[in-house]
Amino acid sequence: MGSGKHRWKISIYRKHSDTVSPLSDPRNVSEAKPPAEFVCPISGSVMADPVIVATGQTFERACVTACKTIGFTPTLCDGSIPDFSVIIPNLALKTSILNWAKAQLAGPPSPVQLSDALKLVTSAMTMMTSTTSPPSSGESELTRSRGGFDSDESGESELTRAKAELSSGSFRRTPLMLATRPSCYSSCSSSSELETGESGTCDDEGYVWKMRSPHVYEQEEVVAALRKVTKSSVESRVNLCTARLLSALRSLITSKYTDIQVNSVAALVNLSLEKVNKVKIVRAGFVPPLIDVLRGRSPDAQEHACGALFSLALDDENKTAIGVLGALQPLIHMMMRSESERAKHDAALALYHLSLVQSNRSKLVKLGSVQLFLGMIKSGQMPGRALLILCNLGACSEGRAAMLDAGAVAFFVELLEKSDLDSESTQESCVAAICALSHGGGLRFRGLAKAAGAMEVLKKVVEKTSRERTRDKAKRVLEMLKAREEEEEEEVDWEKVLEFGFQSRNLTQPGIQSCRNSK
């Protein structure tokens, strides 16, 4: 397979030398450099069959097929890791390439043969495994030069040497990429941890290389080191939260090795503590693997996963996405069934913040969470947290209807009546829930509140509570109930209703006209 430069070298016969195209002169071939977007980052040549992969980059189709066949994933010069799971023809770019070739008086580029692509990719893997240190920051072995491979001091590119090996038959295939020690690896450290600089951080390149190592012990070491360095250093949490580190870390979240999984999720919790990282982590695709951890069998990993989802849910931009991706039901299960108090606590806080969004409220109601949370309060399981979530659910019509159906009004009134209710926060949550249910002052709520003796209980709350917010909400509900009672007494003449029927009620109500002559 030829390089992009030689492929575009053409020779057109002309009688007079002044009519010869500049491109046909070998001395001027370098002037016809193709645009960078026309060149495959792997082969370094102009693409004949460009395809878009799942992460948005474009490559020559044969090179993608070769990478998938060998199981090799390159790191591009911008630090991104391509995802080859989806391949879509880039017809727009192909048309642009053909138009450019036509304008340069050249024929269309020849597609790369799969056999050549396999040899080229394997050559790249060989070069990466033969070095003792990773590439410099922000670069990869494949893309440091325009042609896609690094050039040595003599100017001969690795691509040229690879082609020479191909033609001579001396090419050597390496089936697996062997890990090499990163530049920040401490060979003299007894704990084999990664060295950090004066600021307490280390370039993410070293971590990424060891995370992608085929050796389990190296993966265990690097995630333990990452967890340690991000535990107390804000600068480390910010600097290390890069796209390529997140990509490497995501693959370890669901590792079958418990220590790797636990430390990976714990390190993610640390990274998520910084506000600038929260949206970045969700967009990097961490919610589905965290949900898988919640459904797994490692209590420690589940505990950290609840903490991670709670931390990520604090950002408003993440709330809807976390709910859509299916985290609500596993979090409810963790809140109810986990043996870890910390996991229950974080799951409840995650649900509280997620329930601040209307779409998540509707989903929680459909999952039957109202009955579940009421049951938790009755059994004394995290009553304060469950009440807070119910208050949020009461802010939507579906939540109010479900709570009224479940007898929430009578339950909250009874809870306020208890003499052993010493928690002012729980008292405030009860009043807030009743206030949410009273929204709109519907007939059903007024009837249920009257039957439960809500007015008498709320009056006691107003007299005894020391919290101004609780007092204000209780007064608001009392005023609404009193106003409705007075309105009903003034508007309805029950003797006339019984004597003349329901129509007389309309005649006695002020401001309501008879509709008998409205035809």
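A: We can begin with Val-234, which lies in helix α8 (residues 234-240); helices here are DSSP runs of H or I with at least four residues, strands are runs of E with at least two, and both are numbered from the N terminus. This is a predicted model, in which local features need pLDDT of at least 70 and side-chain atom pairs count only at pLDDT 80 or more, while totals for chains, interfaces and linings use all residues. Residues are numbered from 1 along each chain as its sequence is written, and side-chain values use heavy atoms, with hydrogens and water left out.

Q: Is Val-234 buried, exposed or partly exposed, and which residues make the nonpolar surface patch with Val-234?

A: Buried means under 20% relative accessible area, exposed means over 50%, and partly exposed lies in between, with a 1.4 Å probe and protein chains only. Val-234, with a relative accessible area of 44%, is therefore partly exposed. Together with Val-238 and Val-276, Val-234 makes a nonpolar surface patch of about 240 Å²; a patch takes residues with over 30% relative accessible area and no salt bridge, joining nonpolar side chains (Val, Leu, Ile, Met, Phe, Trp, Tyr) within 5 Å and like charges within 9 Å.

Q: Which strands form the open sheet, and in what order?

A: Strands of a sheet pair through backbone hydrogen bonds, either parallel or antiparallel. In this model three strands form an open sheet in the order β2-β1-β3, with antiparallel pairing, where two strands count as paired if DSSP finds at least two bridges between them. β2 (58-60) and β3 (87-89) stand at the edges with a single partner strand each, so one side of each has no neighbour in the sheet. Strand β1 (residues 50-53) is joined to β2 by three bridges, and Pro-50 stands opposite Glu-60 in β2.

Q: What covers the buried residues of helix α21?

A: For cover one looks at contacts, meaning heavy atoms within 4.5 Å. Helix α21 (residues 408-417) is mostly covered, with seven of its 10 residues buried, including Phe-411, Phe-412 and Leu-415. Among the elements covering the buried residues of α21 are α18 (369-378), α20 (397-405) and α24 (454-464).

Q: How many salt bridges are counted, and which parts does the pair of Asp-204 and Arg-244 tie together?

A: A salt bridge is a side-chain nitrogen of Lys or Arg within 4 Å of a carboxyl oxygen of Asp or Glu, and by this rule the count comes to 12. Asp-204 and Arg-244 meet in one of them, at 2.8 Å from N to O. Asp-204 lies in helix α6 (residues 204-211) and Arg-244 in helix α9 (residues 243-253), so the pair ties together parts that are 40 residues apart in sequence. Both Asp-204 and Arg-244 are buried.

Q: Where do Lys-319 and Asp-316 lie, and is each of them buried or exposed?

A: An α-helix has 3.6 residues a turn, so residues three or four places apart point the same way. Lys-319 and Asp-316 both lie in helix α14 (residues 316-324), three residues apart, about one turn of the helix, and their salt bridge has its closest N and O atoms 2.8 Å apart. Lys-319 counts as buried at 3% relative accessibility, whereas Asp-316 counts as exposed at 61%.

Note on methods:
Accessible areas come from the Shrake-Rupley method with a 1.4 Å probe; for residues, only the protein chains shown count as cover.
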